[in-house]
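Hi everyone, thanks for coming. Could you bring the model up on the screen before I start?

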Amino acid sequence: MQYPVSITVNGVPRKHPVEARLLLVHYLRETLGLTGTNVGCDTSQCGSCTVLLDGKAVKSCTVLTVQADGAKITTIEGLAKNGKLHPLQDAFWAKHGLQCGFCTPGMILTACDLLAKNPKPTDAEIRHGLDGNLCRCTGYQNIVAAVREGAARMAKA
Amino acid sequence: MAANAFGAAIKRREDPRLLTGQARYTDDFTLPGMAHLAVVRSPYAHARIKGISTKKAAAMKGVLGVFTGRDMKDAGFGGIPCAWVVPGSDTKTPAYPPIAIDLVRYAGNAVAIVVATDRYLARDAAEAVEVDYAPLPVVTDAEKATAKGQPQLHAEAPGNQCFHWKVSGGDVEAAFRSADVVVKERIINQRLIPNAMEPRAALAQYMSGAGELTLWVTSQNPHIVRFLLSLDTGIPENKIRVIAPEVGGGFGSKIPHYPEDAMVVFASKTLGCPVKWTETRSENYRSTIHGRDHIQDVEMAAKKDGTIVGLRAKVWANLGAYLSTASTGIPTILHGLMLSGAYEIKNIHEDVYGVFTNTTPTDAYRGAGRPEATFMVERLVDLVAQKLKMDPVEIRKKNFIPPFTDGHPVATGLVYDSGNYIGALEKALQMLDYPGLRRKQVERRKKGELVGVGFSTYAEICGLGPSQVAGAVGFGGGLWESAIVRFHPSGKVNVFVGISPHGQGEETTFAQIVSSELGVPVEDVEIFHGDTAQTPMGWGSYGSRSTPVGSGALMGAIGKIKEKARIVTAHLLEAAVEDIDYEDGKFFVKGAPAKSKTIQDVALMANVAWNYPSGLEPGLEASAFFDPSNFVYPFGTHIAVVRVDAETGEIKLERYVAVDDCGRVINPMIVEGQIHGGIVQGIGQALWEGAAYDENGQLLTGSMMDYVVPKADGFPVFELGMTETPTKVNPLGVKGIGETGTIASTPAIYNAVMDALAPLGVGKIDMPLTPERVWRAIRSAKPGK
């Protein structure tokens, strides 16, 4: 049984018939070919698959595609505009906030959500806000610095 | 300025693709006609397979084939080879079939595979494969497994003993007889799950017409995978192309050649289509290697003045159910040979028993053997200090190997390359204000606070390594590295390397080396790695070897480029070759720098060869191989300051000071990043991480819900310092920094917690130091003990 869905992904309206059980992350990765969103676990712990659903960070491995019907999704591919990196992407680069890069898309999108709610977070608030996203490479110190830097850049923009 | 690229904290060149989602990890690849493979795994840790019925699964929607271990065997696929057999240890290497035949030996052991047109359908069908098991008794503890009457895993390994390996130096018996004090400890260096954020994946495309295989795989060493794959698949090595595309972390867990690599090759060959397998995280916890898992009985002997005279240890190393690629080398060569640490311990003896158990195979996990050695030594040094009522700093200073620059032999037979252990310690103490901190500790203790300071003054072995030594210690390959430097007519450069970085940033640091050596802007250099069809043979990225060994090869190739550039310049400037000098990106006649040629000028002329020395080969390209004369031995001091909440057992990290010495630093930003990540992984072992099995061999910590991977919360800002003691082992004087943080931080944290709890008389808690364990220890403590 297939269900029709209409989802706007990175500003582009998409329509597909999908199976009820198709996870949003597989819809993004395999139906749309947007492989920037990664799958790091199967229990909603790691946050690698985080995307923005109507502006809110969600773990796309725990959302059914049919649940996203009518929603606006932003993935990592949709952050840079006209070839210019989003201030958070730029800040992660400047502060060495990534190593293997696998957790990075989810980390950045979670940070987007965090800064939308709290544009000037303290370091403790950043650390708490990133608790749903795991990174095994960086030890988080430079990720925290990157989010702080991203917040400063977004405030200026 | 190109000449200044060495030592500069420049931004990483690999980041833009990673930041924008353009990077391609193995699971991101889709090929025309590609099928998906799912693995049926045993729920039992030890059982006889009485029968497998694949009929129901085979008839399901989208299913292309269901196969068992026997099918693979009948198709000529052999066992997974063990690539490290430690000599002088009577190592048993039982068969490791990629899919179990007759017997399963751990929960997660593959029993069948299903290939279907779709990821979901493959999983559906995997659940429909019916396996009839006759469960057998189970043993998961390495020491227990060697006792009489325990379940036996492999007929050729009686008592489940894979090997008994020994290391000896000096006269340990005499040392212990002469000692004033002896301390003993049983240390459980617990089993850890690596948790690279990218799960493993493998995609095989076998082209029967040409007999060629391409395998995309999450690997730290594609050339080794190709070599081993040629052994178990029978496909000639020169017909195999292994590509490690973007790799999302490894930490050792992506060194091995795994059964699933062979499974996708078998499926692709059998079904005539590309086949991909991607593991789930829950699958990863059972089927990707684990690390550590030592039971250690250790004794240290010392004189009244604190001079350590001997170390004696007996270790049971849990190897799991089968031998993974490098598993026997980890608790022996990479552990036992490092028992002198940073100290002059003249008499050392260790017996290591490698033991098979009904658990997931173990292999290299960040630090690999050295954390198990460093924890042992650093903990015992503290226990001796405690017994003699000495300050942990004082005893370390008393026993340090004095500064050396040109090799220092230790009792285990190794010769350390260079070190200044006291230098790193002094710097760390200064950063900490040690006397001030101890004064405050006294005041806070009076108020009832449990605060502690812990030290780890480590030395480790990495930069693996000289190939002759690799051969002598039973490693089934070489450990040299390779590089090709290719200049294009436009002066832009491609570099092809045998190492296979996966987050460590060598695309940046190697470009910095080329830039500073040849006067090319960093942006003009592209580094290629991870594809056996593109890059020269090399042994890969592990053991913190990419930079110390890989840069040696790169420097060799750069040297050849410079030599050729001199000849071309001499021709262009009508001078003798021996009169050509090089400085800051320019080749010129000695004493006449005004008339010069840049490397870009030379590259153009060498590539078009219009006005060119007769007899000289055109082109500006050089390849080099580098085999180091020794390992490298980074070192440093890590100090942790902690507070323990007596009511809850919770540990708060107040400060963390780390001074590391990795020789000359190419990019300090990248070095610091490596240290940060390493520290957190080591703290994870001290405080939270630990794989647990129940008595039936079920992994209780089977998902990220049950196994604690450190989160962003709860860490102080790490205070980093560096000292710089170059090595003579490689041309640039660099040492590896990928593992030091993990090696150093576990004992620093542990020693700090024990210092905090010392007034209560708590002297030992097994890791991880979870609030519950700490709370229980506090409750059952006998003050004044």
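This is a predicted model: local features need pLDDT of at least 70, side-chain atom pairs count only at pLDDT 80 or more; totals for chains, interfaces and linings use all residues.

Residues are numbered from 1 along each chain as its sequence is written, while chains are lettered from A and ligands numbered from 1 in the order in which they are written.

Okay, the core. A nonpolar core here is a set of buried Ala, Val, Leu, Ile, Met, Phe, Trp, Tyr and Cys residues joined through C-beta atoms within 7 Å. Buried means that 20 or more other C-beta atoms lie within 10 Å of a residue's own; with 12 or fewer the residue is exposed, in between it is partly exposed, and the C-beta atoms are placed from the backbone. In soluble globular proteins, nonpolar side chains tend to be buried together. The largest nonpolar core in this model has 305 residues, and the ones touching the most other members are B:Ile113, B:Val114, B:Val495, B:Val514 and B:Val753. Helix α20 of chain B, residues 740-757, gives the largest share of this core, 10 residues. When I say helix, I mean a DSSP run of H or I with at least four residues; a strand is a run of E with at least two, and both are numbered from the N terminus.

So what does B:Val753 touch, leaving aside its neighbours within four places in sequence? B:Val753 is in contact with B:Gly452, B:Gly454, B:Val642, B:Val644, B:Ile651 and B:Leu769. Contact means that the two C-beta atoms, again placed from the backbone, lie within 7 Å.

Let's stay with α20(B) and see how helices pack on it. α19(B) packs against α20(B) at about 40°, with the axes 7 Å apart. Those axes are lines fitted to C-alpha atoms, for helices over the stretch in contact, and the angles run from 0 to 180 degrees between N-to-C directions. That angle makes α19(B) oblique to α20(B). The cut-offs: under 35 degrees is roughly parallel, over 145 roughly antiparallel, 65 to 115 roughly perpendicular, and the rest oblique. By class, this contact has nine nonpolar, 11 polar and no charged residues. For those classes, Ala, Val, Leu, Ile, Met, Phe, Trp, Tyr, Cys and Pro count as nonpolar, Asp, Glu, Lys and Arg as charged, and the others, Gly among them, as polar.

Next, α11(B) packs on α20(B) at about 30°, with axes 8 Å apart, and that makes α11(B) roughly parallel to α20(B). On the α11(B) side you'll find, among others, B:Arg370, B:Phe375 and B:Asp382, and on the α20(B) side, residues including B:Ile743 and B:Tyr750. That contact divides into six nonpolar, four polar and four charged residues.

α11(B), residues 370-387, has another partner in α12(B), residues 392-399: their axes come within 9 Å and cross at roughly 115°. That makes α11(B) roughly perpendicular to α12(B). B:Asp382 turns up here too, on the α11(B) side, and B:Ile395 is one of the residues from α12(B).

Now the two chains. How many residues of chain B are in contact with chain A? It's 44, touching 44 residues of chain A. The largest share of chain B's side, seven residues, comes from α19(B). That side divides into 21 nonpolar, 13 polar and 10 charged residues.

Another cis bond runs from B:Met767 to B:Pro768, with omega near -5°, and B:Pro768 is in the loop between α20 and α21 of chain B.

B:Asp102 has a phi of about 75°, and it counts as exposed, with 10 C-beta neighbours inside 10 Å. B:Glu574 has a phi of about 50°; B:Glu574 is exposed, with 7 other C-beta atoms within 10 Å, and is found in the loop between α17 and β22 of chain B.
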